[in-house]
Amino acid sequence: MVRADIQAANGLELRPACQRLGTIVDGVPGAGAPPVTSTAGQTWNAGAAAYAQAVSTCGNLFDGTPLPPTVLLARTTEALNTADGHWARLAAQIGAPAQIIPANGQLPAR
């Protein structure tokens, strides 16, 4: 929902969407983990780190960070795109779909 709320300029829903994304990212294995040596592991961790950066930057919209909202929104979107790109590359590396956090912020049931 973060991307959708940014595109719709829906500030009222953006904060809860960022918080939901943060909860999801907190559960991503490798988020904040030290680098691993395998290429796939590095790509996974880079994606997890980029999602975590998106959460942090999105949170900056609401914590008094002295940057214009347009800059923070652009940085949030850029971090989400970077994360998706890393995990799309991971899918190519391992020959299986990578789990990209969908726009609605909900991971499919396992």
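The axes of helix 3 and helix 4 come within 8 Å of each other and cross at roughly 165 degrees, where axes are lines fitted to C-alpha atoms, for helices over the stretch in contact, and angles run from 0 to 180 degrees between N-to-C directions. That makes helix 3 roughly antiparallel to helix 4, because angles over 145 degrees count as roughly antiparallel, those under 35 as roughly parallel, 65 to 115 as roughly perpendicular and the rest as oblique. The residues of this contact of helix 3 with helix 4 (contact means heavy atoms within 4.5 Å) divide into 15 nonpolar, ten polar and three charged. In this classification Ala, Val, Leu, Ile, Met, Phe, Trp, Tyr, Cys and Pro count as nonpolar, Asp, Glu, Lys and Arg as charged, and the others, Gly among them, as polar. The crossing of helix 3 with helix 4 is left-handed, a term used if the near helix is turned anticlockwise from the far one by less than a right angle, with right-handed used if clockwise.

This is a predicted model, in which local features need pLDDT of at least 70 and side-chain atom pairs count only at pLDDT 80 or more, while totals for chains, interfaces and linings use all residues. Residues are numbered from 1 along each chain as its sequence is written, and side-chain values use heavy atoms, with hydrogens and water left out.

The secondary structure of the protein comes to four helices and zero strands, and from the N terminus on the elements run α-α-α-α; helices (H or I, at least four residues) and strands (E, at least two) are DSSP runs, numbered from the N terminus. Of the 110 residues of the protein, 33% count as buried, where buried means under 20% relative accessible area, exposed over 50% and partly exposed in between, with a 1.4 Å probe and protein chains only. Among contacts between residues at least 6 apart in sequence, 58% join residues at least 24 apart.

Helix 2 (residues 11-26) packs against helix 3 (residues 39-60) at an angle of about 150 degrees, with their axes 9 Å apart. Helix 2 is therefore roughly antiparallel to helix 3. The contact is made by Leu-14, Cys-18, Leu-21, Gly-22 and Val-25 of helix 2 together with Ala-48, Tyr-51, Ala-52, Val-55 and Cys-58 of helix 3; by class, it has nine nonpolar, one polar and no charged residues. The crossing of helix 2 and helix 3 is left-handed.

Asp-84 forms a salt bridge with Arg-3, and the closest N and O atoms are 2.4 Å apart. The pair links distant parts of the chain, with Asp-84 in helix 4 (residues 69-94) and Arg-3 in helix 1 (residues 2-7), 81 residues apart. Asp-84 counts as buried at 17% relative accessibility, and Arg-3 counts as buried at 19%.

| Pair | Separation in sequence | C-alpha to C-alpha distance |
|---|---|---|
| Val-2 and Cys-58 | 56 residues | 8.6 Å |
| Gln-7 and Leu-73 | 66 residues | 9.5 Å |

Technical notes
Salt bridge = Lys/Arg side-chain N within 4 Å of Asp/Glu carboxyl O.
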